[in-house]
Amino acid sequence: MGPCTPFLVLLLLSWSGPLQGQQHHLMEYMERRLAALEERLAQCQDQSSRHAAELRDFKNKMLPLLEVAEKEREALRTEADTIVGRVDRLEREVDYLETQNPALPCVEVDEKVTGGPGTKGKGRRNEKYDMMTDCGYTISQVRSMKILKRFGGPAGLWTKDPLGSTEKIYVLDGTQNDTAFVFPKLRDFTLTMAARKASRIRVPFPWVGTGQLVYGGFLYYARRPPGGPGGGGDLETTLQLIKFHLANRTVVDSSVFPAEALIPPYGLTSDTYIDLAADEEGLWAVYATQEDDRHLCLAKLDPQTLDTEQQWDTPCPRENAEAAFVICGTLYVVYNTRPASRARVQCSFDASGTLTPERAALPYFPRRYGAHASLRYNPRERQLYAWDDGYQIVYKLEMRKKEEEV
């Protein structure tokens, strides 16, 4: 061995002491950390056991309460079914009573028609209407109701062309709009994605209200001219009637409606100022003026020229009226309450004088969703197309001769 060997041995021995001391301290540190971890794990286990016990206790307490709640829910469901049954039975009883005890007719008809207070001697106003057809029917009752779907907003109109050769459905959504939906058939309208099946027709001037009418290939509607109702100016209370060709998509005629100081004819439908209607006799208009703000007026229109052929002051009140329709020259006004309830025909006016109010039936409508925004009579099908709070409804009507007793 060389002279350096003893020195190296001494050097190694001097280093081994500190290394052993560091390893001892490291082991002690690791043992302390492990002990702390074991203590925390034990605490977690204790807490988990305690939480599990609390959860079991909570479950044991809640199970009886859930059973009681389930029994109470079943009892409430049974009670609700019983109440529904009682309400349905009450509805049937009310329907029977309304059938057996019809509402009183409009008693002001004699005063209005025979020249009493409130009549106006303007042209052919209030003269009896000469029927152009042999139509002698009146509505007897609403035979059935069919709810098709919900399309659009709470106010609108849907209808067919009573003179058209196709089964097209026309839908006019809203009280101020310029685009009509046209569906090829009723089945296309009832589809879930109905709007994709529809073509759109845009009119040059937006309509106002829900008084539009499709008749003989034309769309008749009222527009608000500059300064019309609500617009200010000299034409504050006038409206313009538009005759729009649906195939050519052009305006073929227009006319300012010959009535001053127009107001909404229906107390519950404030957006409509002129309500157009069609029946076996042709084209009609329902309106009201400030001159007699309590009753409705009726006018017979020429569908070719939009001229007013004849006018009547009817005894039908504006208050609580929601819609109207015309059948065989007779105006039927539907009434409701401001909180929407059951609607019924409460007043009728026969322009020809054949049907007296005492002999007119005043049918009710089955309960629905809200209130009628529009009603359109189809003389070919003898049914009404109704818009009720966004739902489209078909009412089938049962008719009788005007001479028959109610």
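Before we get there, what share of the contacts in the chain with a separation of 6 or more comes from residues 24 or more positions apart?

Reply: Residues 24 or more positions apart account for 57% of those contacts, counting separations of 6 or more. Keep in mind that this is a predicted model. The chain is built from four helices and 20 strands, and 44% of its 406 residues count as buried.

Now for the cysteines. Searching the whole structure turns up two disulfides. One of them joins Cys135 to Cys328, with an S to S distance of 1.4 Å. This pair links distant parts of the chain, 193 residues apart. Cys135 sits in the loop between helix 2 (109–113) and strand 1 (137–150), while Cys328 is in the loop between strand 15 (321–327) and strand 16 (330–335). Both Cys135 and Cys328 are buried.

The other disulfide is formed by Cys316 and Cys347, whose sulfur atoms are 2.3 Å apart. Here the partners are in strands: Cys316 lies in strand 14 (residues 308–317) and Cys347 in strand 17 (residues 344–350), so the bond ties together parts that are 31 residues apart in sequence.

Cys44 has 43% relative accessibility, so it counts as partly exposed. Cys297 has 2%, so it counts as buried.

While you have the model open, here's what the aromatic side chains are doing. The whole structure holds 13 aromatic pairs. Ring pairs link Phe151, Trp158, Phe181, Phe183, Phe189 and Tyr385 into a cluster. If you want to describe any such pair yourself, the distance of the centres and the angle of the planes are what you'd quote.

The charged end of Lys401 sits over the ring of Tyr137, 4.5 Å from the ring's centre. Arg223, in turn, lies over the face of Phe205, at 3.9 Å from the ring centre.

Definitions and conventions. Residues are numbered from 1 along each chain as its sequence is written. This is a predicted model: local features need pLDDT of at least 70, side-chain atom pairs count only at pLDDT 80 or more; totals for chains, interfaces and linings use all residues. Side-chain values use heavy atoms; hydrogens and water are left out. Rings of Phe, Tyr and Trp (its six-membered ring) pair if their centres lie within 6.5 Å; planes under 30 degrees apart count as stacked, over 60 as edge-to-face and the rest as tilted. A charge sits over a ring if NZ of Lys or CZ of Arg is within 6 Å of the ring centre and within 35 degrees of the ring normal. A disulfide is a pair of cysteine sulfur atoms within 2.5 Å. Helices (H or I, at least four residues) and strands (E, at least two) are DSSP runs, numbered from the N terminus. Buried means under 20% relative accessible area, exposed over 50%, partly exposed in between (1.4 Å probe, protein chains only). Contact means heavy atoms within 4.5 Å.
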